[in-house]
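Here is a short briefing on one protein model. Keep the sequence and the 3D view open as you read.

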Amino acid sequence: MSTKESNKSPQPPIRFDVIARDGEARAGVLKTRRGEIETPVFMPVGTAGTVKGIRFEELETEELDPKIILGNTYHLWLRPGIETIRACGGLHKFIGWERALLTDSGGFQVWSLGALRKISEEGTHFRSHVDGSPQFLSPEISMEVQAALGSEIVMAFDECAPGNATRDETIKSMSLTTRWAQRSRSRFDQLQEEGTDSGRTAATDQVSGAQAIFGIVQGARHLNVRRDSLAQTVEIGFDGYALGGLSVGEEKSAMFEVVNEITPEMPDAYPRYLMGVGTPEDLIEAVAAGIDMFDCVLPTRNGRTGQAFTSTGKLNIKNAQWATAVRPIDDRCNCSVCRRHSRAYLRHLYLSGEMLASILLTHHNLAFFLDTMRAVRQSIRSGVFPKFRREFTERLNANGE
Ligand SMILES: [Zn+2]
């Protein structure tokens, strides 16, 4: 399948084993140089080297316990900058997180800048959101930054077509993504040989200690463009494959048409990652299509704006109806916030502008996402995923609050 191996070691940088299947859904184990990750997995987003609103000690407790989090190349490259992170021994040492990290390529963040960026064959010119200075990001620079960060999983530098792009626009954009994927792969391989990866570890009998790199499938909502993108990406050869450019303004039905059609066609032996998605119900639907990995800012971002995810749907803590509600956020949740605090107290904290409101809501939201994924994995291993999926969705839609 691959035309190239990631390194010269006899071991691969990561190892992925599917241990149970239920329909298209799979439960697996992803072995990295910094620990094993059970899949399907939700990866909390640590944009600027922090999962906003929560300490790593707290994340590492059993009730949350993510084995991998995300770091953002774009943000860390602009601030504090790569020289600083390299001087501090790479991203793990700099932030004090010894578990696995996945870094995005910066392609999506730069794309999100809209009018502030200009894309050429060579890369993307844009203005920094920090100080307005002109900047340039390319596949080669993205690989150099991600080597300095030293993440376990590096993402290829891609270009994202808007959700409503025409077929012609999408083909043009997707072809550029393929050429950038080739350049990403070449520069990544050089950097691995040069030993510039800050997170390098000794090889084990399972993994090589090198970084892994995932390719990204683009093509907006156009299924045949997606298929061409998938074929071209697999032809280059990566350690895992991601679906990018979804949840970028297209209708949810269009997103799920792509997820449901394309995921089962992605290589079976490699991890499949749906980037930037989504709500708990989105995660479960995508697992049913065969996705193994997710990341999304929703639990942390919504936690900061007073919104909680619960087993019966979203809950706005600001609502007056919770003023004297002694119930927890979610009766079914066993997190430390739900065990101790009432909706009334959380509402009071939020309306008083207390930072603890964001901290507690973020904690609960992460617990809800991570618990849901634990239950998903368990249900696949026990062969009862369809029943779990049906009951989860019914409870959510019952909207009992
Ligand atoms: Zn809770």
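In which helix is His 348 found? The helix is α13, which covers residues 343-351. Bear in mind that this is a predicted model.

**His 348 in its setting**
- His 348 has a relative accessible area of 45%, so it counts as partly exposed.
- His 348 and Trp 322 are 26 residues apart in sequence. In space, their C-alpha atoms are 9.4 Å apart.

- Helix α7 runs over residues 167-194 and has 28 residues. From first C-alpha to last, α7 reaches 40 Å, close to the 40 Å expected at 1.5 Å a residue.
- Helix α14 runs over residues 355-381 and has 27 residues. From first C-alpha to last, α14 reaches 39 Å, close to the 39 Å expected at 1.5 Å a residue.
- In α14, 19 of the 27 residues are buried, so the helix is largely enclosed by the rest of the structure.

**A mostly covered helix**
- Helix α6 covers residues 139-149, and eight of its eleven residues are buried.
- The buried residues of α6 include Pro 139, Ser 142, Met 143 and Val 145. Also among them are Gln 146, Ala 147, Ala 148 and Leu 149.

**Glycines that follow helices**
- Gly 195 follows α7, and its phi is positive, near 75°.
- Gly 383 follows α14, and its phi is positive, near 75°.

**Helix pair α7 and α8**
- The axes of α7 and α8 are 10 Å apart, and the two helices pack at an angle of about 10°. Angles under 35 degrees count as roughly parallel, so α7 and α8 are roughly parallel to each other.
- On the α7 side, the contact involves Arg 167, Thr 170, Ile 171, Met 174, Thr 178, Ala 181, Gln 182 and Arg 185. On the α8 side, they meet Asn 224, Val 225, Asp 228, Ser 229, Gln 232 and Ile 236.
- The residues of this α7 and α8 contact divide into five nonpolar, six polar and three charged.

**Helix pair α10 and α15**
- Helix α10 covers residues 280-289, and helix α15 covers residues 385-398. Their axes come within 11 Å and cross at roughly 160°.
- Angles over 145 degrees count as roughly antiparallel, so α10 and α15 are roughly antiparallel to each other. The crossing of α10 and α15 is left-handed.
- From α10, the contact uses Pro 280, Glu 281, Ile 284, Glu 285, Val 287 and Ala 288. From α15, it uses Phe 385, Phe 388, Arg 389, Phe 392, Thr 393 and Leu 396.
- The residues of this α10 and α15 contact divide into eight nonpolar, one polar and three charged.

- Where does Glu 24 lie? Glu 24 is in the loop between β1 (15-22) and β2 (25-32).
- Its relative accessibility is 41%, so Glu 24 counts as partly exposed.
- Leaving out residues up to four places away in sequence, Glu 24 touches Pro 264, Val 287, Ala 288, Ala 289 and Gly 290.
- Glu 24 and Leu 366 are 342 residues apart in sequence, and their C-alpha atoms are 26 Å apart in space.

**Backbone features to look for**
- Most residues other than glycine have a negative phi, and most peptide bonds are trans.
- Ala 220 is not a glycine, but it has a positive phi of about 50°. Ala 220 lies in the loop between β11 (212-217) and α8 (223-236). At 4% relative accessibility, Ala 220 counts as buried.
- Ser 247 is not a glycine either, and its phi is positive, about 60°. Ser 247 is in the loop between β12 (240-243) and α9 (252-262). With a relative accessible area of 43%, Ser 247 is partly exposed.
- Thr 39 and Pro 40 are joined by a cis peptide bond, with omega about 0°. Pro 40 is in the loop between β3 (35-39) and β4 (41-46).
- Arg 79 and Pro 80 are joined by a cis peptide bond, with omega about 10°. Pro 80 is in the loop between α2 (73-78) and α3 (82-87).

Key: Residues numbered from 1 in each chain as written. Predicted model: local features only at pLDDT ≥ 70, side-chain atom pairs only at ≥ 80, totals over all residues. Heavy atoms only, no water. Helix = DSSP H or I, 4+ residues; strand = E, 2+ residues; numbered from the N terminus. Expected span 1.5 Å × (residues − 1). Axes fitted to C-alpha atoms, helices over the stretch in contact; angles between N-to-C directions. Parallel < 35°, antiparallel > 145°, perpendicular 65-115°, else oblique. Left-handed = near helix turned anticlockwise from the far one by under 90°. Contact = heavy atoms within 4.5 Å. Nonpolar A, V, L, I, M, F, W, Y, C, P; charged D, E, K, R; others polar. Buried < 20%, exposed > 50% of the residue type's maximum accessible area, 1.4 Å probe, protein only.
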